[in-house]
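Here is a short briefing on one protein model. Please read it with the structure open.

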Amino acid sequence: MAKLTFYGGVNEIGGNKILLEEKGTKILFDFGQSFNFGADYFTGWLAPRSINGLCDHFEFGLLPKISGLYSKEQLAKTDFPYSEPEISAVFLSHGHFDHVAHICFVDPKIPVYLGAGTKLFMESMEETSSFCDYKVHNYRTFRTGKKITVDNIEVEPVHVDHSIPAAYGFIVRTDESTIVYTGDFRLHGPRRDLTEDFLKAALNAKPDALICEGTRMARKDRRQNFSEKEVAQGTDRLVASSEKMVFVTHYSRDMDRFRSFYEAAVRNQRKIVVSPKTAYLLSKLGEDKHLKLPDPLKDDHILVYYKRKKTGTYSNGDYYPWERTFMGRMADAVFIHENQRKLIMDLDFYQFAELIDIKPEPGSIFIHSMSEPFSEEDLEDAVLHNWLKHFGLQFHQLHASGHLCKEEIKNVVKTVNAKKVFPVHTESPDLFKKISKKVQEPEKEQPYTV
Ligand SMILES: [Zn+2]
């Protein structure tokens, strides 16, 4: 029989690490970092030392000791011996860090299967973020429709809609069992059809086990949630009704959200101003024609904001080579100040100091297009509101989640009707038990046969 072991994503949102084993073949599905990773021992600048490989992680039990998984280099300073690969493959469902981040520790001899678009996201992260290094791997890309055979196990990736493009669920067939893993997914996004395709395939597979995400499976979902269409319409209304600058802040890899703001700019005869990082990501994703995103080097509705660096004179040498590509599209603080009524500016919270140079007119609009803070004592949230108050910016909350709501999860579990259901990526796996008697709350590092 096939065996499933959950090394992460248990009683937590994110950090999925799921091991499937049958007849000696072992496959890992996702190898992400938990959101509260190491929070009991590390904070701020106190972080695991990269020079020490996995040693600092193992000290506090932050990563599982799985033999034949990690690279020689990462194990060198630990007391856990290196052995040749025992894991046949790693499959990544999508490019969010809570699903992929820890592959940097994985032995480069183990093939890593991922969506073609996910590969572009990961490359872009590595090229534009100094802290991001997934290390060298034997990457093998897939698209929906491809079936991948690893020894006696067949893995069929099927696209789903999520808050990052190129997200997949998996239908996995072993000699004796069929297992469906949802990854992260939603039904209220612009590509509902993708998730519907996946659910159809999941139902037809008559699975023995369903591994289902449950991010929004909470006792009380007090936070507001819109569909992507409602976010787009709400933005459109705000932009159309304002004579002033519109600032937006959102998750940088949510391209549906970017598109909503871009389209609002176009419809209202404004231009959208993005960071060099977003411009780079857009041009990179342009390689994937399926994604249909505008090209920042060709599209006149896009400008790129350059903040002052090094000499403070906007000279070429002040910027990384990848940033220089877009200097022909440069908007600086003076330009933004003078043209503020004709712009929508994508401004991340950590770039708020730029507001001092931009000097927005009081009464300008600020759209917070991310999850609302988890707690009322959120420090960053308090600082954000102090800045908005200081500059007289009007706050608006407009966000669509990347995940199914509670009712939709219930429907999926009932419809797919698997013989066993394992909730992952949720803080309340117990709530799944109210939906079906077939729910098995996974315990970390415990094997389950399916
Ligand atoms: Zn995700």
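Leu 4 stands opposite Leu 20 in strand E2, where pairing requires at least two DSSP bridges between two strands. The model is predicted: local features need pLDDT of at least 70, side-chain atom pairs count only at pLDDT 80 or more, and totals for chains, interfaces and linings use all residues. Residues are numbered from 1 along each chain as its sequence is written, and side-chain values use heavy atoms, with hydrogens and water left out. Helices (H or I, at least four residues) and strands (E, at least two) are DSSP runs, numbered from the N terminus.

**Strand E1 and its partners**

- Buried means under 20% relative accessible area, exposed over 50%, and partly exposed in between (1.4 Å probe, protein chains only).
- E1 and E2 (residues 17-22) run antiparallel and are joined by 5 bridges.
- E1 also runs antiparallel to strand E20 (residues 447-449), with 3 bridges.
- On the E20 side, Thr 5 stands opposite Pro 447.

**The parallel sheet**

- An open sheet is formed by 7 strands with parallel pairing, in the order E15-E14-E13-E16-E12-E17-E18.
- Strands E15 (330-331) and E18 (394-397) are at the edges, each with a single partner strand, so one side of each is left without a neighbour in the sheet.
- Helix H7 packs on this sheet and touches E12, E13 (271-274), E14 (302-305), E16 and E17 (365-369). Contact means heavy atoms within 4.5 Å.
- The direction of H7 makes about 140° with that of E13. Axes are lines fitted to C-alpha atoms, for helices over the stretch in contact, and angles run from 0 to 180 degrees between N-to-C directions.

**Strand E12**

- How many of the residues of E12 are buried? The count is 5 of its 5 residues.
- Val 246, Val 248 and His 250 point one way from E12, while Phe 247 and Thr 249 point the other way.
- E12 (residues 246-250) runs parallel to E16 (residues 343-346), and 3 bridges join them.
- Val 246 has Ile 344 as its bridge partner in E16, and Phe 247 stands opposite Met 345 in E16.
- E12 pairs with E17 over 5 bridges, in the parallel sense. Here Val 248 stands opposite Ile 367.

**His 250**

- His 250 is found in E12. Its relative accessible area is 6%, so His 250 counts as buried.
- The side chains of His 250 and Asp 346 make a polar contact of 3.0 Å. A polar contact is a pair of N or O atoms within 3.5 Å; within protein, one must be able to donate a hydrogen and the other to accept it, and residues adjacent in sequence count only if both atoms are side-chain atoms.
- Not counting residues up to four places away in sequence, His 250 touches Arg 257, Phe 258, Phe 261, Asp 346, Ser 369 and Met 370.

**Helix H7**

- H7 (residues 255-267) has 13 residues and reaches 18 Å from its first C-alpha to its last. That is close to the 18 Å expected at 1.5 Å a residue, where the expected span is 1.5 Å times one less than the number of residues.
- Asp 254 caps the N-terminal end of H7, with a side-chain oxygen 3.2 Å from the backbone nitrogen of Asp 256.
- Gln 269 follows H7 and has a positive phi, near 50°.
- The buried residues of H7 include Arg 257, Phe 258 and Phe 261.

**Leu 303**

- Leu 303 has its place in E14 and is buried, with a relative accessible area of 11%.
- Leu 303 and Phe 326 are 23 residues apart in sequence and 8.7 Å apart in space, C-alpha to C-alpha.
- Leaving aside neighbours within four places in sequence, Leu 303 is in contact with Lys 271, Ile 272, Val 273, Val 274, Arg 329, Ala 331, Phe 335 and Leu 343.

**Cysteines**

- A disulfide is a pair of cysteine sulfur atoms within 2.5 Å. By this rule there are 0 disulfides.
- Cys 104 has its closest cysteine sulfur in Cys 132, at 8.6 Å, which is too far for a bond. Cys 104 is buried, with a relative accessible area of 16%.
- For Cys 405 the closest cysteine sulfur is in Cys 212, at 12 Å, again too far for a bond. Cys 405 counts as partly exposed, at 23% relative accessibility.
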